[in-house]
Amino acid sequence: MSRIILPLQEKYLDSFDKKKDSLLRSMEEFAEENNVPILSNLSANLLEQLIVMNKPQRVLEIGTAIGYSTIRMARRLGRKAIIHTIEKSTDNITIAKDNFKKSGLESKIKLLEGDALRIMPQLQKKYDFIFLDADKEDYKRLFDYSMVLLKKGGVIFVDNLLWHGYVAANKIPPKYKKSTALIRDFNRIFMTQPSLSSTILPVGDGIGIGVKVL
């Protein structure tokens, strides 16, 4: 499947990115070497900009992985803001905790260990900003919980909605057929949700952005 953005264009845009320190670069290298999915650089830049623009006080991240996007968001949060991030992989939790310690942002980050489908119904206070990047088979249920937890005027940011470009393809490799069908169904729900003003942008692997209007 063809890339959403051409390598030459991506290289050009990355040439402006001089802000990364050794921690973020080492996390990117670890993710690539160990096949850990993290946000693309362009998607993470967009995420950071939305954090700066919206100035959320309470952020919920569903899918910590090794803590890459958690750290990038936490660095942009205000002094009294906090991010809750949910992860069920014990291996990822260990690595993420170490990365949070290295970042010096532990006071801004609270890691919730376990299955998001069990944790989210127990959360009481609402959030200004929610980032959804978890198992694709759970996207619909996690989105439903997210809409309950998202404040009116809050923003939801969802990754992988173009799914390697396969959501728009006629021919899909067998191993991607099920996941592509799930993402197509999710996109339809996301774009027709009455309580959201939503859009899908061709950034990274496809970013959905919604503002809760009702």
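Predicted model: local features only at pLDDT ≥ 70, side-chain atom pairs only at ≥ 80, totals over all residues.
Visitor: Why is helix 2 called roughly antiparallel to helix 5?

Guide: The axes of helix 2 (residues 22-33) and helix 5 (residues 90-103) cross at roughly 165°. Angles over 145 degrees count as roughly antiparallel, so helix 2 is roughly antiparallel to helix 5. The two axes come within 11 Å, and the crossing is right-handed.

Visitor: Which residues of helix 2 and helix 5 meet?

Guide: From helix 2, L23, M27 and F30 meet I95, N99, K102 and S103 of helix 5. By class, this contact has 4 nonpolar, 2 polar and 1 charged residues.

Visitor: Why is L47 called buried?

Guide: L47 has a relative accessible area of 1%. Buried means under 20%, so L47 is buried. This residue lies in helix 3 and touches L39, S69, M73, F129, F131 and F157, leaving aside residues up to four places away in sequence.

Visitor: How far apart are L47 and K88 in sequence and in space?

Guide: L47 and K88 are 41 residues apart in sequence and 23 Å apart in space, C-alpha to C-alpha.

Visitor: What does F157 touch?

Guide: Residues up to four places away in sequence are again not counted. The contacts of F157 include L46, L47 and L50, as well as F129, I130, F131 and L132. I207, G208 and I209 are also among them.

Visitor: Which residues have the most contacts inside the largest nonpolar core?

Guide: They are M73, F129 and F157, in a core of 32 residues. Among the elements that give two or more residues to this core are helix 2, helix 3 (41-54), helix 5 and strand 5 (150-158). Another core, of 29 residues, lies apart from it and has I119, I130, Y139 and W163 among its members. In soluble globular proteins, nonpolar side chains tend to be buried together.

Visitor: What makes K55 exposed or buried?

Guide: The relative accessible area of K55 is 62%. Exposed means over 50%, so K55 is exposed. K55 sits in the loop between helix 3 and strand 1 (58-62). Its phi is near 50°, a positive value in a residue other than glycine.

Visitor: How do you know whether W163 is buried or exposed?

Guide: W163 has a relative accessible area of 13%. That is under the 20% cut-off, so W163 is buried. W163 is placed in the loop between strand 5 and helix 8 (174-192). Phi of W163 is near 45°, a positive value in a residue other than glycine.

Methods: Residues numbered from 1 in each chain as written. Heavy atoms only, no water. Axes fitted to C-alpha atoms, helices over the stretch in contact; angles between N-to-C directions. Helix = DSSP H or I, 4+ residues; strand = E, 2+ residues; numbered from the N terminus. Parallel < 35°, antiparallel > 145°, perpendicular 65-115°, else oblique. Left-handed = near helix turned anticlockwise from the far one by under 90°. Contact = heavy atoms within 4.5 Å. Nonpolar A, V, L, I, M, F, W, Y, C, P; charged D, E, K, R; others polar. Core = buried A, V, L, I, M, F, W, Y, C linked by side-chain atoms within 4.5 Å. Buried < 20%, exposed > 50% of the residue type's maximum accessible area, 1.4 Å probe, protein only.
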